[in-house]
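Reader: I'd like to go through this one label by label. Could you hold each term up against its cut-off for me?

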Amino acid sequence: MADLKPRNLISVQERLRDQVAHALRAALISGELRPGVVYSAPALAADFGVSATPVREAMLDLAREGLVEAVRNKGFRVTELSERDLDEFTEIRALIEVPTVGQVARTATAEQLEALRPQAEAIVAAARKHDLIGYLEADRQFHLDLLALAGNARLVETVGDLRKRSRLYGLNRLDQRGELVTSAEEHLELLDVLLTGDAAAAMACMTRHLGHVRHLWAADAQAAEPDTALRLPSR
């Protein structure tokens, strides 16, 4: 019985860290946490109404994802992405994902592709509900599972890392303008094209989708005006 209490405490601490990390990701997406700005764990903890420990642990999780970087004796700086960074990330993704989608169009079965439909529909549903975290998670899962059909786990890992590093700001304003739903529906269009087995059409659709997202999100990142009120998500 003596070791039950420590395990319970660790579990509670891990849940709080995950909750804080979730809130920080949401703040990054919405632009509440701005690129280039250094944030201290105690200051963020005060905003969230928790101790500094789970905030520091959550920030270390985000640092491993490339979203923030540690600044010695000061805190964490939100990673700043330039227009060139975004162009380069998009170019690399296109070089990998476009031909891979063409391969999937030629080799995947209708059953394998239809299995992705619930994820594509979840992207649209999240966009319509203005659930930005849900949108990005469903979008990530759809794209990585689609690429996985090509059978190259390293390729999927590489694209997953690129997606983390090329996350963009101001997604809330894109949502407010109603453009997020349009972007979400492109996943269903891509899936329908893949089901026809037309590799060239699938590659063209993927190219257009990547370019569309890059244009809309990057422009929105420049226009976003952050709301500084940080809060933990409701339990």
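Author: Let's start with the sheet: it is open, has three strands in the order β1-β3-β2, and its pairing is antiparallel. This is a predicted model, where local features need pLDDT of at least 70 and side-chain atom pairs count only at pLDDT 80 or more, while totals for chains, interfaces and linings use all residues. Residues are numbered from 1 along each chain as its sequence is written, and side-chain values use heavy atoms, with hydrogens and water left out.

Reader: What makes β1 and β2 the edge strands?

Author: β1 (38-39) and β2 (68-71) each pair on one side only. Strands here are DSSP runs of E with at least two residues, helices are runs of H or I with at least four, and both are numbered from the N terminus.

Reader: How do you know that β1 pairs with β3?

Author: Pairing takes at least two bridges found by DSSP, and two bridges join β1 to β3 (residues 75-78), so they pair, running antiparallel. Tyr-39 stands opposite Phe-76 in β3.

Reader: Why are α6 and α10 called roughly antiparallel?

Author: Helix α6 (residues 117-128) and helix α10 (residues 179-195) pack at about 165°, with axes 8 Å apart. The angle runs from 0 to 180 degrees between N-to-C directions, using lines fitted to C-alpha atoms over the stretch in contact. Under 35 degrees is roughly parallel, over 145 roughly antiparallel, 65 to 115 roughly perpendicular and the rest oblique, so this pair is roughly antiparallel.

Reader: Which residues of α6 meet α10?

Author: Among them are Ala-120, Ile-123 and Val-124 in α6, and the α10 side includes Ala-184, Leu-188 and Leu-191. Contact means heavy atoms within 4.5 Å.

Reader: Why is Asn-73 called exposed?

Author: Its relative accessible area is 76%. Buried is under 20%, exposed over 50%, and partly exposed in between (1.4 Å probe, protein chains only), so Asn-73 counts as exposed. Asn-73 sits in the loop between β2 and β3 and has a positive phi of about 65° although it is not a glycine.

Reader: What makes His-130 exposed?

Author: At 51%, His-130 is over the 50% line, so exposed is the label. His-130 is in the loop between α6 and α7 (132-148).
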